[in-house]
Amino acid sequence: MSSRTSTTSTNTLITNIASLVTNDPSLGDGSPLGLIQNAAVVIDGDRIAWTGEKSKAPATDNQVDAGGRAVIPGFVDSHSHLVFAGDRTEEFNARMSGRGYTAGGIRTTVAATRAATDEDLERNLVHYLGEALRQGTTTFETKSGYGLTVEDESRALRIAAAHTDEVTYLGAHIVSPDYADDPAGYVALVTGQMLDACVPYARWIDVFCEKGAFDGDQARAILTAGKAKGLHPRVHANQLSYGPGVQLAVELDAASADHCTHLTDADVDALANGNTVATLLPGAEFSTRAEWPDARRLLDAGVTVALSTDCNPGSSFTSSVPFCIALAVRDMRMTPDEAIWSATAGGAAALRRTDIGRVTPGAYADLAFLDAPSHVHLAYRPGVPLVSQVWRRGVPVG
C-alpha cells in the first residue's frame, strides 16, 4: 500500500468495493491480479494515490460508494482500426451464409474511406470510441491503413491523433490498388514519401506480414524504415498461415506481434525469450470462423499475452473487450484471471506502458465498475452489459 495519504479536496475515496483487480502482485492476495477483497481506492487528480482494504482507507474530502461492485482497471485495447468509412455487411452475411463473395474486402473500405470527408471519418471514430468507452475501454490504439495514399494515410493519422496518443501508421496494410502491378513501387512509397507525411502523427509503425500482403523482406524494409524515423514496430503476424511475421517482430524488438494464430515451436520460443507481446484478437476468429489462437500454449511457455478487439469493419466489427474476454476463456483456453489481466495489464505491455492497465499508486485512475461481485462474471455472464460506470483519468465518463 502507498503512504501517499494527502487529504486535499482533489482526493476522492471510492469505497465499498467487493473485489478490486489491481494487477499489482505486491497488493492483496499476491496473485498477478493483486486482488483485494472489501477494497477501497483513493484518487488524487488523475492518478491512483492509494489502494487497500476499505477498513484502512485514509480520510478524504470526497467519497464514492461502489455499492458492493467489483472494480477493475479500464481495458487497454491495443489493436484497432477505427478510422474508416462504410461497413461490409454484405461480405459478413455472405460468409456466415456459406455463400461466395467476390467484392473487394479491404479494398471496399479503402474506396469508402478515400471518398469520405474528414468530418465523416472523425464522426465515425468518435462514435466507436464512445461505444468502447461505455464498455470499459479507457485506452485504445488505432491505425491507419484504409487510405493507402500519402494524403489519405496522413489525414487518418491526424484525425486519430486528436483522440489518442497510441497511433499506428499502417500504410502497409495491403498493396494499394493503385500499385497492383508494382508492389515494389508501393513499398518505396510506404518507406519514403508516405512515411515522411505520417511520422508527425504516429508513435508506431505496423505491417501486415502475410501471403497476399507483404512478405518477410518487404516487411523488414518497411519496419526498419519506420524505426529509422523514430516509429516503433508492431506486426500483424501469422494470422492466416505460418510465416516470418512473429520471428521478424522479435528480431526487430516489436512491441507486439498481433494475431499469432499459426505458430511453430520456434515462434513460441522466440516470443517467450523476447520482449514482444503476443496480442490475440478472438473477435477476428469469431467473425471469420477461423481457427482459434492457442493462448494456453503461449501462456504455458511464458509468453506475455494481450487481448484486444481488432475492431474493424471487415473481420472483427466489435468494440467490446468483455466479449473478447468471454471468447478467450471459452474458446482459447484462458482462465478468467488470465483473460482480465491480458485485456488490461497485457494491453498496457503491448503499448509498453506502465501507467495504465493497473490500479496501483502512480497509475492513471482508469477504472471500470461491474454490476457483479467479481471480474469472473465477465466470462461467466457473456453478452451481459456488466460495466455500469467508467472513470477515465480520475473523472466519471460515459
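**Entry 1: terms and the whole chain**

I take helices as DSSP runs of H or I with at least four residues and strands as runs of E with at least two, numbered from the N terminus. I keep in mind that this is a predicted model. With those runs, I get 15 helices and 17 strands for the chain. I then looked up the radius of gyration: 21 Å, close to the 21 Å that the globule rule gives for 398 residues, so the chain is as compact as a globular protein of that length. Along the principal axes, I note a C-alpha trace that spans about 70 × 45 × 45 Å.

Of the 398 residues, 57% are buried. Among contacts with a separation of 6 or more, I find that 70% join residues 24 or more positions apart. The chain exposes about 15200 Å², and 49% of that comes from carbon and sulfur atoms.

**Entry 2: the largest pocket**

On to empty space. Rolling a probe the size of a water molecule over the atoms shows where such space is left. I read a volume of about 560 Å³ for the largest pocket. Sorting the lining by class, I get 14 polar, 10 nonpolar and 8 charged residues.

**Entry 3: the second largest pocket**

Here I read a volume of about 340 Å³. I have 22 residues in the lining of this second largest pocket, and those nearest its centre are Thr138, Thr139, Phe140, His163 and Arg392. Helix H3 (118–134) and strand E7 (137–143) each supply at least two lining residues. Which of the elements gives the most to this lining? H3 does, with 5 residues. By class, I note 9 polar, 7 nonpolar and 6 charged residues.

Thr137 sits in strand E7. Is Thr137 buried or exposed? Its relative accessibility is 6%, and buried means under 20%, so Thr137 counts as buried. Leaving aside neighbours within four places in sequence, I list Phe75, Asp77, Ala132, Ser319 and Val321 as the contacts of Thr137.

Arg123 is in helix H3. I find 53% relative accessibility for Arg123, and the cut-off for exposed is over 50%, so Arg123 counts as exposed. I also looked at Arg123 and Ala85: they are 38 residues apart along the chain, and their C-alpha atoms are separated by 9.8 Å.

**Entry 4: Pro177 and helix H5**

I moved on to the loop between strand E8 (166–172) and helix H5 (183–191), where Pro177 has its place. Pro177 has a relative accessible area of 35%, which makes it partly exposed. Beyond its neighbours within four places in sequence, I see Pro177 in contact with Arg107, Arg114 and Leu148. As a distance check, I took Pro177 and Phe286, which are 109 residues apart along the chain; their C-alpha atoms are separated by 28 Å.

Then I followed the chain into H5. Which residues of H5 are buried? I have Gly185, Tyr186, Val187, Leu189 and Val190. The cover over these buried residues includes helix H4 (150–161), E8, helix H6 (193–198) and helix H7 (216–228).

Asn16 is not a glycine, although I read a positive phi of about 60° for it. Asn16 lies in strand E1 (residues 11–20). With a relative accessible area of 26%, Asn16 is partly exposed.

For Arg333, I read a positive phi of about 65°, and Arg333 is not a glycine either. Where is Arg333 placed? I find Arg333 in the loop between helix H12 (321–331) and helix H13 (336–342).

Conventions
Residues numbered from 1 in each chain as written. Predicted model: local features only at pLDDT ≥ 70, side-chain atom pairs only at ≥ 80, totals over all residues. Heavy atoms only, no water. 1 Å grid on protein atoms, 1.4 Å probe; cavity = no way out; pocket = protein on both sides within 12 Å on 5 of 7 lines; lining within 4 Å. Points joined across faces, edges and corners; volume = space filled by probe spheres on them. Nonpolar A, V, L, I, M, F, W, Y, C, P; charged D, E, K, R; others polar. Rg over C-alpha atoms; globule rule 2.2 N^0.38 Å. Buried < 20%, exposed > 50% of the residue type's maximum accessible area, 1.4 Å probe, protein only. Contact = heavy atoms within 4.5 Å. Areas by Shrake-Rupley, 256 points an atom, 1.4 Å probe, with all protein chains shown as cover.
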